[in-house]
Amino acid sequence: MSATAHSNENKMGTMPVNKLLVSMSLPMIASMLVQALYNVVDSVFVAQISENALTAVSLAFPIQSLMIAVSSGTCVGINALLSRSLGEKRQKEANLSAVNGVFLAFVSYLVFALMGIFGSHLFFASQTENREIVEFGTQYLTICLIFSFGIFMEMTFERIMQSTGRTIYSMVTQGTGAIINIILDPIFILFFGLGVPGAAIATVIGNACSTVFFVYYLLKKSQKMSILPKDFSFQRQLVFAILSIGLPSGISTLLNSISSIFENNLLVGHGDQYVAAFSVAGKATMIIGMLQMGIALGVQPIIAYSYGAKKWDRMNETIRKTAGFTLVLGLLLTIVCRIFSHQLVAAFLDDAEIIPLGIYV
C-alpha cells in the first residue's frame, strides 16, 4: 500500500489495536454513562424535593431505559453496516446507511412522543395509587418523551461520527450536554421552583445541545460523510439490514427495562420507599453494565471495519483483547460497588430507614 493510500485510510484499519481500542471505547463508555447519568443527576436533585418526587423519577427510569434500548439497538445496526461499508471502500453505501439510520431514529422518536402524549398518565396510574407520585411522574415522563428527539438524534449522530473514527468529538459533545444538564438541574428544580418538570426540562435541553453540536461536527469535520436531507433516499434493504443487526442488542436491553417495570410494580405494593431503594441500587449496578456496554459498542465498528476490509487477524485480536479486558473490569467494578455500597446509596437517600434497603438490594 502506498503512503498516500495508507494515510487516507480510516484509522480503524491502521492504528495499533491496543491504542485503537482505547480511542474507540472511551467515547462510547462516556456516551452510555452520560445517557444513564441524565436520570441519575435528576434523581439527586429531585430527592431534595421529597421522597415521592424521587419515587416518581425512579418509576420513569425503565421507560427512559426503553428509549435508550430502542435507540441503541438501531445505532448498533447503523454502526456495523456503516463501518463495514467503509472497510469495503463503498462510500456511497456508507452515506445511505447513515441517512436511512437517521430516518429510523426519527420514526422511533415519533413513536415515543405519542407514548408521552397518550401513555404517560396511564403508565404511572398502573404503577401506583399515590396521586402525588402519579402527578410528578406524569409531568416528568411526558416532557422527556415528547421532547425525546434529542436523545435519538444525539445517539444516532454519535455512532455515525464514531464510524468515521472521529471519537474525540463524540466525547466532547456528550460531555458538554451532560455538563449543561448538571448546571440547569438545580437552577430549574430549586432556584426557579419548577420541581420535577424542571428536571425533565434540563434533561431535554442537555440532549438538544449535544444534538446540535454533533450535527455541526458532522457537517464541518467529516467531509466524507453526508447526512443532508438532499442525500436521503429510502433504501428498504438497508433499513432491514440495520434492524436485523441491531434488533438482538435492542431486545436484550428492552427485556431489562420490562423486568424493571414489573419489579417496580410489585415493590409499590410494599411501600414507595422500596421502589426508591430498589431504583438507587439498580442505578449503581446499571453503571457497571453501561461501562461494559460502552466497551462493546466501541469495539463493534473496529470488528465490522476489519470484516469489511478482510483483516481477519486484526478482527480476532480485537475480540480476544476486548473479552479479557471487560472480564477484569467487571470484577473490579463489582468489588468497588461492594466496598462502597453505603456511600453509593447515601448519595441519593438520606432516610436512615431506607438506606439499608438500598444496600441490601
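Contact is taken here to mean heavy atoms within 4.5 Å. The structure is a predicted model, in which local features need pLDDT of at least 70 and side-chain atom pairs count only at pLDDT 80 or more, whereas totals for chains, interfaces and linings use all residues. Residues are numbered from 1 along each chain as its sequence is written, and side-chain values use heavy atoms, with hydrogens and water left out.

The protein contains 13 helices and zero strands, where helices (H or I, at least four residues) and strands (E, at least two) are DSSP runs numbered from the N terminus. Of its 361 residues, 54% count as buried, a term that denotes under 20% relative accessible area, with exposed meaning over 50% and partly exposed the range in between (1.4 Å probe, protein chains only). Among the contacts in the protein with a separation of 6 or more, 82% are made by residues 24 or more positions apart.

Helix α6 (residues 149-163) packs against helix α3 (residues 51-87), their axes coming within 9 Å and crossing at roughly 25°; the axes are lines fitted to C-alpha atoms, for helices over the stretch in contact, and angles run from 0 to 180 degrees between N-to-C directions. The helices α3 and α6 are therefore roughly parallel to each other, given that angles under 35 degrees count as roughly parallel, over 145 as roughly antiparallel, 65 to 115 as roughly perpendicular and the rest as oblique. On the α3 side the contact includes M67, I68, C75 and N79, and on the α6 side it includes I151, F152, R159 and Q162. The residues of this contact of α3 with α6 divide into eleven nonpolar, seven polar and one charged, where Ala, Val, Leu, Ile, Met, Phe, Trp, Tyr, Cys and Pro count as nonpolar, Asp, Glu, Lys and Arg as charged, and the others, Gly among them, as polar.

One of the α3 residues in this contact, N79, is buried, with a relative accessible area of 1%. Leaving aside residues up to four places away in sequence, N79 touches R159, Q162, S163, L297, Q300 and P301.

Helix α6 also packs with helix α4 (residues 91-127), at an angle of about 160° and with the axes 9 Å apart, and α4 and α6 are therefore roughly antiparallel to each other. Here A98, G101, V102, A105, F106, S108, Y109 and F112 in α4 meet F149, F152, M153, T156, F157 and I160 in α6. The residues of the contact of α4 with α6 divide into eleven nonpolar, three polar and no charged.

Two lysines in loops have positive phi values. K89 lies in the loop between α3 and α4, where its phi is near 65°, a positive value in a residue other than glycine, and K89 is exposed, with a relative accessible area of 56%. K310 lies in the loop between α10 (272-308) and α11 (312-339); phi of K310 is near 60°, and at 57% relative accessibility K310 counts as exposed. Most residues other than glycine have a negative phi.
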